[in-house]
Amino acid sequence: MNSKEIRIYNLSPDEFKESIRSIVKELMPQQTKEVDKPAFSDELLTVEETLKLLKCSKQALWNWRKNGILPSYRLGNRVYYKKCDIFNKLVKQV
């Protein structure tokens with residue numbers, strides 16, 4: 001005959017929540033760290049790379065830059081866009 005040991009504890013709801021949180025943190029330490037990391041980097045994209053990523057026209061990209069919708073960065077006479085800025089803007093508008 002198999003018998004299982006049953007334990008009954010007197011816990012408040014807050015203590016119960018905290019015990020569950022600590023157990024989950026112990027069991028899944030890697031997943032919580034991966035969730036905190038951004039899925040995109042601060043990589044700089046050229047205008048052509050940005051056009052391919054967004055699949056839009058050069059005029060639309062220029063209008064977004066001029067109206068301050070999509071921030072751009074200049075190095076000399078070249079214009080760059082941060083990949084993280086693009087994805088952040090896409091997330092906000094969805």
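A nonpolar surface patch, as the term is used here, joins nonpolar side chains within 5 Å of one another, drawn from residues with over 30% relative accessible area and no salt bridge. The views below all show a predicted model.

**View 1. A nonpolar surface patch that includes Val24.** Tyr9, Leu11, Phe16, Ile20, Ile23, Val24, Leu27 and Met28 together make a nonpolar surface patch of about 810 Å². One of these residues, Val24, is found in helix α1, which covers residues 13-27. Val24 has a relative accessibility of 39% and therefore counts as partly exposed, in keeping with the requirement that patch residues have over 30% relative accessible area.

**View 2. The salt bridge between Glu18 and Arg21 within helix α1.** Glu18 forms a salt bridge with Arg21, and the closest N and O atoms of the two side chains are 3.9 Å apart, which falls inside the 4 Å limit for such a pair. Both Glu18 and Arg21 lie in helix α1, where a spacing of 3 residues corresponds to about one turn of the helix. Glu18, with a relative accessible area of 45%, is partly exposed, and Arg21, at 48% relative accessibility, likewise counts as partly exposed.

**View 3. The salt bridge between Lys83 and Glu43.** In this view Lys83 forms a salt bridge with Glu43, the closest N and O atoms being 3.8 Å apart. Lys83 lies in helix α5 (residues 83-93), whereas Glu43 belongs to the loop between α2 (29-36) and β1 (44-46), so the pair ties together parts of the protein that are 40 residues apart in sequence. Lys83 is partly exposed at 24% relative accessibility, and Glu43 is partly exposed with a relative accessible area of 38%. A search of the whole structure finds 2 salt bridges.

**View 4. Lys82 over the ring of Tyr73.** Lys82 lies over the face of Tyr73, at a distance of 5.0 Å from the ring centre.

View 5. Thr50 is found in helix α3 and is buried, its relative accessible area being 0%. When its neighbours within four places in sequence are left aside, Thr50 is in contact with Leu45, Leu61, Tyr81 and Ile86. Helix α3, made of residues 47-54, also holds Glu48, which at 45% relative accessibility counts as partly exposed. The C-alpha atoms of Glu48 and Tyr80 are separated by 9.6 Å, although these two residues are 32 positions apart along the chain.

**View 6. The whole protein, for orientation among the close-ups.** The secondary structure of the protein comes to 5 helices and 3 strands, which follow one another along the sequence in the pattern α-α-β-α-α-β-β-α. Of its 94 residues, 13% count as buried, and Thr50, with a relative accessible area of 0%, is one of the buried residues. The accessible surface of the protein comes to about 8500 Å², with 54% of that area belonging to carbon and sulfur atoms. Among the contacts in the protein with a separation of 6 or more, 48% are accounted for by residues 24 or more positions apart.

Key: Residues numbered from 1 in each chain as written. Predicted model: local features only at pLDDT ≥ 70, side-chain atom pairs only at ≥ 80, totals over all residues. Heavy atoms only, no water. Lys NZ or Arg CZ within 6 Å of the ring centre and 35° of its normal. Patch = residues over 30% accessible without salt bridge, like charges linked within 9 Å, V, L, I, M, F, W, Y side chains within 5 Å. Areas by Shrake-Rupley, 256 points an atom, 1.4 Å probe, with all protein chains shown as cover. Helix = DSSP H or I, 4+ residues; strand = E, 2+ residues; numbered from the N terminus. Buried < 20%, exposed > 50% of the residue type's maximum accessible area, 1.4 Å probe, protein only. Contact = heavy atoms within 4.5 Å.
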